[in-house]
Each structure stands twice: as C-alpha cells, then as structure tokens.
Amino acid sequence: MEGADARRFAQAQFAGDVDALAPGHWQWNAWLDAKGRVQALMHLADVAEDRLLAVLRGGDAKAIHGTLTRYLLRMRASLDVRTFTGRRGGPVPVSIARMDADQVVLGYGTRSLRLDAASASPEPAAQSVWRLADIRAGWPDLPNGGPAFLPPALGLEHLGAVAFDKGCYPGQEIAARLHYLGGHKHRLCRLQGPAPLSVGDVRNADGTPNAWILAVAAVQEDTVEALAVVPGNAANKINILGSQFTINTKFDP
C-alpha cells in the first residue's frame with residue numbers, strides 16, 4: 001500500500017490500530033468482513049514513508065487486493081501484489097521491520113523473516129522448525145478453503161490484531177460484542193499428542209466438528225504439536241481420531 005493516504009486507508013479498513021504502528025516496525029493486523037469474520041491475517045509493516053507492506057498469513061492475495069481496491073474511492077493510495085520467498089534469518093528484535101538491500105526483514109526476537117524476490121526450493125527440515133516456533137507462539141495462519149473464523153477463535157486479541165478504542169472499521173460491532181459480552185464458542189490452543197495430524201477439519205463420528213487443525217509440527221518420532229481451534233468447553237484434553245491430545249492455551253512470549 002503506497003501513497004499519502006495509505007495509513008488512513010489501512011486504519012479505516014483493518015481491525016488493528018494502524019496509528020500505533022511506528023515507522024520501521026510491524027504489527028499484527030486483520031481485515032474483517034461486515035459479519036466480523038477474518039478475511040485476512042497479516043503482519044503489517046511500515047517499511048518506508050507512505051508505504052505499508054501487508055505480509056499475509058494465508059489467504060488469496062489477489063482476491064484480497066481486488067476487494068480492497070473497491071474501497072479506495074478518493075484515497076491518495078494504491079495497492080499492489082508482490083510475491084516473495086521467505087527465509088529464516090538470525091535474531092532481530094520483535095516488531096522491527098527494515099529493508100536490507102533488496103530484502104524485507106521482520107524481527108521475531110530469536111529469529112527473523114527475510115523476504116526477497118528470488119525463488120528458492122523449500123527445505124522441509126527448516127520449515128518444520130519454523131512451524132513449531134509459530135505453534136508455540138500461538139501465531140496462526142488462515143486455512144485455505146477453511147471456515148471464516150471470528151477474531152477470538154484465532155486469538156487476535158492475544159496477538160493485538162484487533163482494537164476496540166479506534167474509529168469504525170468493517171466488523172467492529174461484532175468484534176466488540178464478542179470482546180465485551182463474550183459467548184464465542186471456539187478458542188485457539190496448542191495440542192500435543194501421539195497421533196499424526198493433518199491440517200484441516202477434524203470431525204466426530206456423528207459428523208459434528210471436533211477441531212480445526214491450523215498447523216502441525218513433529219516434536220519427536222511419536223509426538224506432534226499442533227495449533228488448533230477447538231470448542232471453548234474443551235477442558236485439558238481432547239480426543240482426536242481416537243487419541244488423547246493435551247490442550248494448552250498458554251503461548252510463548
């Protein structure tokens with residue numbers, strides 16, 4: 001997003017407080033529809049004057065671009081879609097965003113995400129380590145082709161990706177109602193257990209939803225950890241595919 005009104009446009013459309021985003025930093029943010037469902041989850045970075053970069057965590061960038069463009073109206077801003085290759089980098093303080101030559105660097109603390117235009121083959125071992133770190137931090141990706149979750153199901157308040165003290169934005173009324181009155185039926189958690197899991201919907205024998213697995217990483221040969229959306233009434237354990245998984249709602253800082 002570029003232009004003199006790029007920040008004003010993002011503040012009006014996204015659920016997080018873009019006015020609080022300092023130059024050279026990134027924040028969690030989200031774009032909701034009118035019913036409060038999460039359409040885009042992102043790291044929103046201020047990479048230069050009048051220029052924001054939304055690094056999407058799941059979803060179709062071209063589709064999101066097409067819909068957002070319709071709301072530009074008389075805004076002095078433009079939207080563009082770029083494709084990057086993500087690489088793991090060394091430690092960079094959390095929330096730092098900077099340009100290193102032709103790379104965008106986002107600081108995650110003990111690690112960093114480096115984005116550049118060069119293509120590269122995926123490294124499964126490195127991807128698994130990266131995914132496990134995200135799971136333990138409670139950092140979700142939107143599932144492709146999955147349900148449209150409400151903010152509490154993805155832990156958006158825990159991430160700081162939704163604000164309740166800023167001006168109006170799409171879905172604000174629903175998000176605020178869930179925040180102040182509660183009543184949402186799902187929550188984000190970490191699962192640990194023995195059985196292999198796959199990303200996607202897991203259902204009970206009667207066909208009712210049991211959990212939605214967002215990410216899976218192997219810890220040991222016979223143990224996996226997963227980031228999942230589970231029913232809010234689930235206690236300390238949940239049965240998935242005939243195996244018991246421990247539920248943990250605490251995440252690494």
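Arg82 is partly exposed, with 46% relative accessible area, where partly exposed lies between buried (under 20%) and exposed (over 50%), computed with a 1.4 Å probe on protein chains only. The model is predicted, so local features need pLDDT of at least 70 and side-chain atom pairs count only at pLDDT 80 or more, while totals for chains, interfaces and linings use all residues. Residues are numbered from 1 along each chain as its sequence is written, and side-chain values use heavy atoms, with hydrogens and water left out.

**Salt bridges**

- The whole structure holds 16 salt bridges, each defined as a side-chain nitrogen of Lys or Arg within 4 Å of a carboxyl oxygen of Asp or Glu.
- Arg82 pairs with Asp80, their closest N and O atoms lying 2.9 Å apart.
- Asp5, which is buried at 6% relative accessible area, bridges to Arg8 with 3.5 Å between the closest N and O atoms.
- Arg98 and Asp100 are joined by a salt bridge of 3.2 Å, N to O; Arg98 is partly exposed at 33% relative accessibility, and Asp100 is partly exposed at 26%.

**Helix H5**

- In helix H5, residues 172–181, the buried residues are Gln172, Ala175, Ala176 and Leu178; helices (H or I, at least four residues) and strands (E, at least two) are DSSP runs numbered from the N terminus.
- These buried residues fall within an arc of 160 degrees seen down the axis of H5, so they line one face of the helix, the arc being taken from the directions from the helix axis to the C-beta atoms.
- Glu173 and Leu181 are exposed on the other side of H5.
- The buried residues of H5 pack against strand S1 (26–32), contact meaning heavy atoms within 4.5 Å.
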